[in-house]
Amino acid sequence: MSANRSWAEPYRIKMVEPIRMTTRSHRERAIAEAGYNTFLLRSDDVYIDLLTDSGTSAMSDRQWAGLMQGDEAYAGSANYYHFEEAVRTFYGFRHVIPTHQGRGAEHLLSNICIKSGDVVPGNMYFTTTKIHQELAGGRFIDVIIDEAHDPESEHPFKGNVDGEKLKRVINDYGKDRVAYLSLELTVNMAGGQPVSLQNVRETCALCHEHGIRVFLDATRCVENAYFIKEREPGCAGMSIPEIVRAICDEADGCTMSAKKDSLVNIGGFLAFNDAELADAARNLVVIYEGLHTYGGLAGRDLEAMAIGIQESMEYDHIRARIGQVRYLGDRLLKAGIPIVRPVGGHGIFLNAATLLSHLPRERFPAQALAAALYVDSGVRAMERGTVSAGRNSETGENQYPNLELVRLTIPRRVYTQAHMDVVAESVIAVADHRDRVAGLQFSYEPKHLRFFQARFATIQSHGIFRNDDCERPTTTEPAAEIVR
Ligand SMILES: *Cc1c(COP(=O)(O)O)cnc(C)c1O
């Protein structure tokens with residue numbers, strides 16, 4: 001098909017799920033009740049839900065048919081073998097242990113491979129990955145290239161590992177103290193930024209030279225493969241499955257949240273080439289997840305995952321997925337909204353520090369922006385800044401990452417281009433009234449992964465928009481008030 005043809009969806013809609021429209025005053029109440037944390041909103045109160053692309057994908061008719069073929073045997077379910085074959089075919093690892101989701105796999109991997117006092121270098125932290133490393137006695141060290149921390153940098157592979165930083169970690173701690181390298185494909189916290197195939201190869205070679213293993217976070221490996229095909233010299237002629245295999249062939253294993261690339265609502269896995277590591281994981285999985293042939297999942301979930309893995313590798317699918325994200329990004333860029341560039345694989349990251357430059361970091365500008373966006377239009381986004389970064393595990397101080405972002409994450413195969421238009425209109429409307437967005441302070445701060453359950457209060461008493469009664473941004477203002 002012509003390369004300059006639009007990315008239109010390679011599917012048609014067979015069933016619809018109505019969504020509720022709410023009024024502004026309803027949303028003001030809802031966000032206050034939720035402690036200004038979009039994670040604590042009820043989904044019924046949300047119009048367009050861009051909180052996450054995790055487990056929010058629309059399954060295909062084939063996947064739904066697969067659910068009906070669930071073999072719910074406790075041990076040795078037929079679906080497990082379909083799933084195992086799909087992972088072996090597309091990711092290439094020999095041993096596959098299913099887990100209920102990505103963090104289940106991270107938990108097992110951290111327990112098996114990290115000793116107390118170890119360090120775990122990685123290309124930018126991910127929330128659940130890092131905490132499992134810490135709980136196992138390890139310490140995460142960031143070895144991503146500096147460009148990743150600069151939202152303005154147009155580097156095509158901002159997810160790359162900085163070889164010099166990695167060498168320094170190996171020199172400073174000695175190879176025996178380096179548990180493994182944690183290599184994430186399309187780096188979520190950097191804005192969905194890819195790693196080049198060349199960087200994967202060089203990084204893995206450097207580690208293996210020192211006898212250090214590399215485990216991929218393969219959660220978004222297919223999206224990464226698309227960027228490699230598009231951007232990396234010499235890779236345009238490779239298919240998506242070929243690139244995914246080329247990446248995985250370099251590594252010793254992976255953790256996977258199948259709730260992202262693999263188009264299922266729940267599921268994940270841990271995979272290894274080494275038989276001893278796989279045995280260790282099978283010993284642990286029965287304690288924390290379930291038997292090694294179901295890992296906390298139903299047979300039907302394994303079947304949906306087997307089919308989803310295959311569908312995720314189709315070129316037209318991944319092109320449309322990334323095309324839709326890019327469409328929203330282009331609209332915002334045209335309007336002069338500060339976003340992380342280049343646009344990444346799974347969402348748009350608004351630069352809240354720039355957009356709400358009147359708010360100091362201690363007032364959590366990204367958290368405030370997410371709340372303001374919800375009040376404006378019912379669009380639900382997520383904070384990815386100071387609240388997500390948490391406190392330093394040694395000093396207890398707030399950590400202020402360079403990136404103070406709001407993530408608009410696009411679920412796969414769920415929303416239309418018209419929905420993206422509404423999102424863009426709302427972001428622009430809030431930006432037009434940016435001076436009136438108020439800062440926040442904690443009213444409740446959980447100990448671990450605080451962004452999920454934290455509650456906040458506005459620093460003034462009029463809700464998230466100051467002087468809200470004089471002039472209001474207007475976007476979606478649909479019909480009737482909802483009474484709960
Ligand atoms: C979502 C995600 C995880 C964690 O997976 P869950 O399925 O949410 O437990 C790990 N790494 C990355 C990059 C992710 O996006």
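1. In helix 8, the residues C221, V222, N224, A225, Y226, I228 and K229 meet I240, I243, V244 and I247 of helix 9, where contact means heavy atoms within 4.5 Å. Helices are DSSP runs of H or I with at least four residues, strands are runs of E with at least two, and both are numbered from the N terminus. The contact of helix 8 with helix 9 comprises 9 nonpolar, 1 polar and 1 charged residues. In this classification Ala, Val, Leu, Ile, Met, Phe, Trp, Tyr, Cys and Pro count as nonpolar, Asp, Glu, Lys and Arg as charged, and the others, Gly among them, as polar.

2. The model is predicted: local features need pLDDT of at least 70, side-chain atom pairs count only at pLDDT 80 or more, and totals for chains, interfaces and linings use all residues. Residues are numbered from 1 along each chain as its sequence is written, and side-chain values use heavy atoms, with hydrogens and water left out.

3. Helix 8 (residues 221–231) packs against helix 9 (residues 240–248) at an angle of about 110°, and their axes are 9 Å apart. Axes are lines fitted to C-alpha atoms, for helices over the stretch in contact, and angles run from 0 to 180 degrees between N-to-C directions. Helix 8 and helix 9 are therefore roughly perpendicular (angles under 35 degrees count as roughly parallel, over 145 as roughly antiparallel, 65 to 115 as roughly perpendicular and the rest as oblique).

4. Helix 3 (residues 78–90) and helix 11 (residues 299–312) pack at an angle of about 25°, with axes 8 Å apart. Helix 3 is therefore roughly parallel to helix 11. The contact involves N79, Y80, H82, F83, A86, V87 and F90 of helix 3, together with G299, R300, L302, E303, M305, A306, I309 and Q310 of helix 11. By class, these residues are 9 nonpolar, 4 polar and 2 charged. The crossing of helix 3 with helix 11 is left-handed (the near helix is turned anticlockwise from the far one by less than a right angle; clockwise is right-handed).

5. For helix 12 (residues 315–334) and helix 16 (residues 417–432), the packing angle is about 30° and the axes lie 10 Å apart. This pair is therefore roughly parallel, and the crossing of helix 12 and helix 16 is right-handed. Helix 12 contributes Q324, Y327, L328, R331 and L332 to the contact, and helix 16 contributes Q417, M420, D421, V423, A424, E425, V427 and I428. The residues of this contact divide into 8 nonpolar, 2 polar and 3 charged.

6. The ligand is surrounded by 14 residues, the closest being Q101, R103, D217, S257 and K260 (a residue is near if one of its heavy atoms lies within 4 Å). A polar side-chain atom of D217 lies 2.6 Å from a ligand nitrogen atom. Ligand oxygen atoms lie 2.9 Å from a backbone N or O atom of G102 and 3.2 Å from a polar side-chain atom of R220.

7. A cis peptide bond, with omega about -15°, joins R341 and P342; P342 is in the loop between helix 12 and strand 9 (347–351). T186, a residue other than glycine, has a positive phi near 35° and lies in the loop between strand 5 (181–184) and helix 7 (197–209). Most residues other than glycine have a negative phi, and most peptide bonds are trans.

Key:
A polar contact is a pair of N or O atoms within 3.5 Å; within protein, one must be able to donate a hydrogen and the other to accept it, and residues adjacent in sequence count only if both atoms are side-chain atoms.
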